[in-house]
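Student: Can you walk me through this one? I'd like to start with the sheet.

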2 protein chains.
Amino acid sequence: MSTLYVIKIGGNIIDDPVQLESFLIDFAELKGNKILVHGGGKLATKLSKDLGVESELIEGRRVTNEETLKVVAMVYAGLINKNIVAGLQKQNCNAIGLTGADGNIIRAKKRPLKLISDGRQIDYGFVGDLDDSSVDAQAIYKLVQAGFTPVFSAITHDGNGQLLNTNADTIASVIAVSLSGLYTTSLVYCFEKSGVLRDVNDESSLIKYINAEEYKELKKEGMIHSGMIPKLDNAFEAIGKGLNEVCIGKADALPQLKDKTFGTRLKTEK
Amino acid sequence: MSTLYVIKIGGNIIDDPVQLESFLIDFAELKGNKILVHGGGKLATKLSKDLGVESELIEGRRVTNEETLKVVAMVYAGLINKNIVAGLQKQNCNAIGLTGADGNIIRAKKRPLKLISDGRQIDYGFVGDLDDSSVDAQAIYKLVQAGFTPVFSAITHDGNGQLLNTNADTIASVIAVSLSGLYTTSLVYCFEKSGVLRDVNDESSLIKYINAEEYKELKKEGMIHSGMIPKLDNAFEAIGKGLNEVCIGKADALPQLKDKTFGTRLKTEK
């Protein structure tokens, strides 16, 4: 099988044009098949504010009402996605920008009402949840084999005409898992740190390899900072489902992927 | 050669959700290979207004400044394009939403400075002009052969990282011409009238066939209303370049394409 990288970048890179262009150059230079998944950055928040669109936060989760959905569809699938595609084309990387609706590639389920701690039933709105059957791997395969580099924004659909807002980390891991039968697949999360750190304030305390046991220990000791936990939970779940490797590290270290020294590498074995 | 329809819809359909859904059902039911090209509608104007983005009109042409480009990228390539794609997926039409940047399919040239009547040099901003070599027909062919139905918004790029705003009528005709060597290609313009009318206020005065000579006569007599002229000039130019047919008519008459009674059909012969 040939190799495939599924690389996720977050808002910190997207919000900084200089960092973004530098990342796109590195991404374009990366040999082998590859897919980019991007988050949203601060642009959607800014646009919402400028338009007076209010969106509620309940227990740390944002409610995607109709107006917020319009904003994220515009910003993620329009402005950010197409600028990334144009930026990659500039580097001779044949990018094609997609949402989950395009080619029916990612069909999500609208999140059901959720009972929260105070007994209320919460409707998170137009949020799309994914499971292992959400992605049409063959459709992505066809595009990759045709020479395109898919670039996914965090917008999906329900197959019934409704766009949905889906977590970009989850999209990346579900895509990577679904393609692991067709390619030797690496899932790569880029974020603002060099990887999993023993000391969150010390970039030199990078843990180069971590297995699920060690991760559990570090969590217990409180060494893993809160924002990392869903990302790593997600990543450890994915690696158990056929991925070749999962790495997490800093975007500007992307060229280190080829000699396998990028960030922290998650291992299934002890 | 198999057939291909390149169908362009304008703002009047996009602005009306009921009419749009009805059109998408008809489009999905149309047999054969097909491509949809859509304009912008009033949403971009509304969003510009809500955001306080001003764009100058010079001699009837809108200047696309940096902020206006952001708005059209968001509205055309994000909101409208992805809602059309989701709407087509609902009808089991395997749509894939694209700009000219995606797959490097339409590479435009930023419009050069233009000398206008009062002697001023005008910069129309981020407007992309097309010529016969702008479209990568093979890239579209690959997508169509892979079973996708391309849906183009009126956003292109210059190949150097810059998105551009391009006239949707022009995109449709240039795509149709470029694919006429690979398919028996029909270019179909949908607009608010039943076709070319002898009397603009009388839908029953539809001209079923028109050739270039007759068009010239009607223009001379002032029978063709002003908004139609660039559309028909464009269409007659395209039909001379290898297209099988060009039709112009009302979106809700789309099912009549199959028995060749849709709107006005342009003919090259006298």
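Student: In what order do the strands of the open sheet in chain B run?

Tutor: This is a predicted model. In chain B the order is E5-E10-E2-E1-E13-E15-E16-E14, eight strands in an open sheet with mixed pairing.

Student: Which strands of chain B stand at the edges?

Tutor: Strand E5 (95-98) and strand E14 (209-211) of chain B. Each has a single partner strand, so one side of each has no neighbour in the sheet.

Student: And what does the twist average from one strand to the next?

Tutor: The average is 20 degrees.

Student: How many bridges join E5(B) to strand E10 of chain B?

Tutor: Four, and E5(B) and E10(B), residues 149-152, run parallel. As for a particular pair, Leu98(B) is opposite Phe152(B) in E10(B).

Student: Now chain A. What is the strand order there?

Tutor: Chain A has an open sheet of eight strands with mixed pairing, ordered E5-E10-E2-E1-E13-E15-E16-E14. Its edge strands are E5 (95-98) and E14 (209-211) of chain A, each pairing on one side only. The strand-to-strand twist in that sheet averages 20 degrees.

Student: Which strand does E14(A) pair with, and over how many bridges?

Tutor: E14(A) is joined to strand E16 of chain A, residues 264-267, by three bridges, and the two run parallel. Within that pairing, Asn211(A) has Lys267(A) as its bridge partner in E16(A).

Student: What about E15(A) and E16(A), parallel or antiparallel?

Tutor: Antiparallel, over three bridges, with E15(A) covering residues 245-250. There, Ile248(A) is bridged to Thr264(A) of E16(A).

Student: How many bridges join E1 to E13 in chain A?

Tutor: Six bridges connect strand E1 (residues 3-9) and strand E13 (residues 184-191) of chain A, and these strands run parallel. One residue to look at is Ile7(A), whose bridge partner in E13(A) is Val188(A).

Student: Let's switch to the helices. At what angle do H2 and H4 of chain A cross?

Tutor: Helix H2 (residues 17-29) and helix H4 (residues 66-90) of chain A cross at roughly 55 degrees, and their axes come within 9 Å. That angle makes H2(A) oblique to H4(A).

Student: Is that crossing left-handed or right-handed in H2(A) and H4(A)?

Tutor: The crossing of H2(A) and H4(A) is right-handed.

Student: Which residues meet there, between H2(A) and H4(A)?

Tutor: From H2(A) they are Glu21(A), Leu24(A), Phe27(A) and Ala28(A), and from H4(A) Ile84(A), Gly87(A) and Leu88(A). By class, the contact of H2(A) with H4(A) has five nonpolar residues, one polar and one charged.

Student: And in chain B, how do the axes of H2 and H4(B) cross?

Tutor: The axes of helix H2 (residues 17-29) of chain B and H4(B) come within 9 Å and cross at roughly 55 degrees. H2(B) is therefore oblique to H4(B). H2(B) crosses H4(B) in the right-handed sense.

Student: Which residues of H2(B) meet H4(B)?

Tutor: Glu21(B), Leu24(B) and Ala28(B) of H2(B) meet Ile84(B), Gly87(B) and Leu88(B) of H4(B). That contact of H2(B) with H4(B) divides into four nonpolar residues, one polar and one charged.

Student: OK, on to the dimer. How many residues does the contact take from chain B and from chain A?

Tutor: It takes 34 residues from chain B and 34 residues from chain A. On the chain B side, the elements giving two or more residues are helix H3 (43-51), helix H4 (66-90), E5 and strand E11 (155-157).

Student: Which element gives the most to the side of chain B that touches chain A?

Tutor: H4(B), with 14 residues. The side of chain B that touches chain A has 14 nonpolar, 14 polar and six charged residues.

Student: Why do you say the copies meet through the same surface?

Tutor: Because 100% of the interface residues of chain B are also interface residues in chain A.

Definitions and conventions: Residues numbered from 1 in each chain as written. Chains lettered and ligands numbered in written order. Predicted model: local features only at pLDDT ≥ 70, side-chain atom pairs only at ≥ 80, totals over all residues. Contact = placed C-beta atoms within 7 Å. Pairing = 2+ DSSP bridges. Axes fitted to C-alpha atoms, helices over the stretch in contact; angles between N-to-C directions. Nonpolar A, V, L, I, M, F, W, Y, C, P; charged D, E, K, R; others polar. Parallel < 35°, antiparallel > 145°, perpendicular 65-115°, else oblique. Left-handed = near helix turned anticlockwise from the far one by under 90°.
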